[in-house]
Amino acid sequence: MTRRSFATFRTIGALVLREMSTTYGRSAGGYLWAILEPAAGIALMTLIFSLGFRSPPLGTNFPIFYATGLVPFLMYLDVSGKVSVSVLFSKQLLAYPAVTYVDAILARFILNTLTQLMVGYVIFTGILLAFDTRTTLELDKIALGFAMTAALALGVGTLNCFLTSMFPIWQRIWSIANRPLFILSCIFFTFESVPQPFRDYLWYVPTVHLTGTFRAAFYPGYEAAYVSAIYVFGLSGVMMAVGLVFLRRYHRDILDA
């Protein structure tokens with residue numbers, strides 16, 4: 001049992017190194033683009049909305065307001081997308097008995113989650129140093145927000161890993177279905193500003209809870225009472241369990257396809 005556990009760690013480590021060299025390259029340039037994407041998005045939204053509004057819907061600083069919505073959303077999008085193609089990405093290696101589909105999923109999840117944590121740290125630190133945001137950080141809520149985002153990304157990614165591997169068309173379908181989330185995730189507005197009954201429907205969008213958690217972590221006066229970590233973790237756990245069950249049942253068929 002100990003030998004197998006050690007072999008699993010070595011396998012995941014090797015897959016992580018492979019992922020680093022193929023996805024982000026052998027230089028810091030790949031990681032630089034990972035930081036520039038959210039930074040450019042925040043800068044663009046700040047420029048556009050500051051021309052039409054004197055202040056953001058919450059607080060006084062546009063960059064930190066949009067960062068608290070965009071950083072978790074892009075982290076969810078990136079990690080879930082990378083996990084969803086784990087089996088296809090490592091399909092040739094999965095032919096070896098020492099490498100399993102769980103190893104492939106964990107390797108992509110670990111590397112891309114750590115990468116997005118680094119991106120979030122750089123973005124938030126840069127904004128706090130460059131601007132007077134008039135915000136107060138609550139580190140426990142920031143940690144909770146990142147944990148919720150990682151869990152949701154893993155759950156969605158694992159389920160989509162099966163669906164994408166079995167039905168290649170699913171990747172395009174999911175990409176189209178996922179686009180409205182950019183608007184629905186409360187990046188541009190606050191949850192409380194949405195009129196009823198649409199607010200009740202919006203509550204079931206899990207990324208809304210991610211944005212609310214981060215906003216509550218930076219704005220002490222913002223309670224975000226609607227946020228439910230149990231809902232996000234529960235939904236994530238169900239999707240991950242369903243994905244793993246189907247991968248266990250059909251992974252041989254996927255490899256033979």
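**Close-up views of a predicted model**

**View A. Helix 5 meets helix 11.** Helix 5 (101-130) packs against helix 11 (residues 229-256) at an angle of about 135 degrees, and their axes lie 11 Å apart. Helices here are DSSP runs (H or I) of at least four residues, numbered from the N terminus. Axes are lines fitted to C-alpha atoms over the stretch in contact, with angles from 0 to 180 degrees between N-to-C directions. That angle makes helix 5 and helix 11 oblique to each other; under 35 degrees would count as roughly parallel, over 145 as roughly antiparallel, 65 to 115 as roughly perpendicular, and the rest is oblique. Y101, V102 and I105 of helix 5 make the contact with L244, L247, R248 and H251 of helix 11, where contact means heavy atoms within 4.5 Å. Sorted by class, this contact has five nonpolar, one polar and one charged residues. (Ala, Val, Leu, Ile, Met, Phe, Trp, Tyr, Cys and Pro count as nonpolar, Asp, Glu, Lys and Arg as charged, and the others, Gly among them, as polar.)

A word on the model: it is predicted, so local features need pLDDT of at least 70 and side-chain atom pairs count only at pLDDT 80 or more, while totals for chains, interfaces and linings use all residues. Residues are numbered from 1 along each chain as its sequence is written, and side-chain values use heavy atoms, with hydrogens and water left out.

**View B. Helix 6 and helix 10 side by side.** The axes of helix 6 (residues 139-166) and helix 10 (residues 206-218) come within 8 Å and cross at roughly 165 degrees. The two are therefore roughly antiparallel.

**View C. S86 tucked away in helix 4.** S86 belongs to helix 4 (residues 86-89). With a relative accessible area of 0%, S86 is buried (buried means under 20%, exposed over 50%, partly exposed in between, using a 1.4 Å probe and protein chains only). A polar atom of the S86 side chain lies 2.7 Å from the backbone oxygen of V83. Leaving out residues up to four places away in sequence, S86 touches A104, I105, R108 and C161.

**View D. The loop around R134 and T136.** Both R134 and T136 sit in the loop between helix 5 and helix 6. R134 has a phi near 55 degrees, a positive value in a residue other than glycine, and is exposed at 64% relative accessibility. T136 is partly exposed, at 47%. The C-alpha atoms of T136 and F218 are 5.4 Å apart, though 82 residues separate the two along the chain. Beyond its neighbours within four places in sequence, T136 is in contact with A217, F218, Y219 and P220.

View E. C186 is buried, with a relative accessible area of 1%, and has a positive phi of about 65 degrees without being a glycine. The peptide bond from Q196 to P197 is cis, with omega near 0 degrees. Most residues other than glycine have a negative phi, and most peptide bonds are trans.

Methods:
A polar contact is a pair of N or O atoms within 3.5 Å; within protein, one must be able to donate a hydrogen and the other to accept it, and residues adjacent in sequence count only if both atoms are side-chain atoms.
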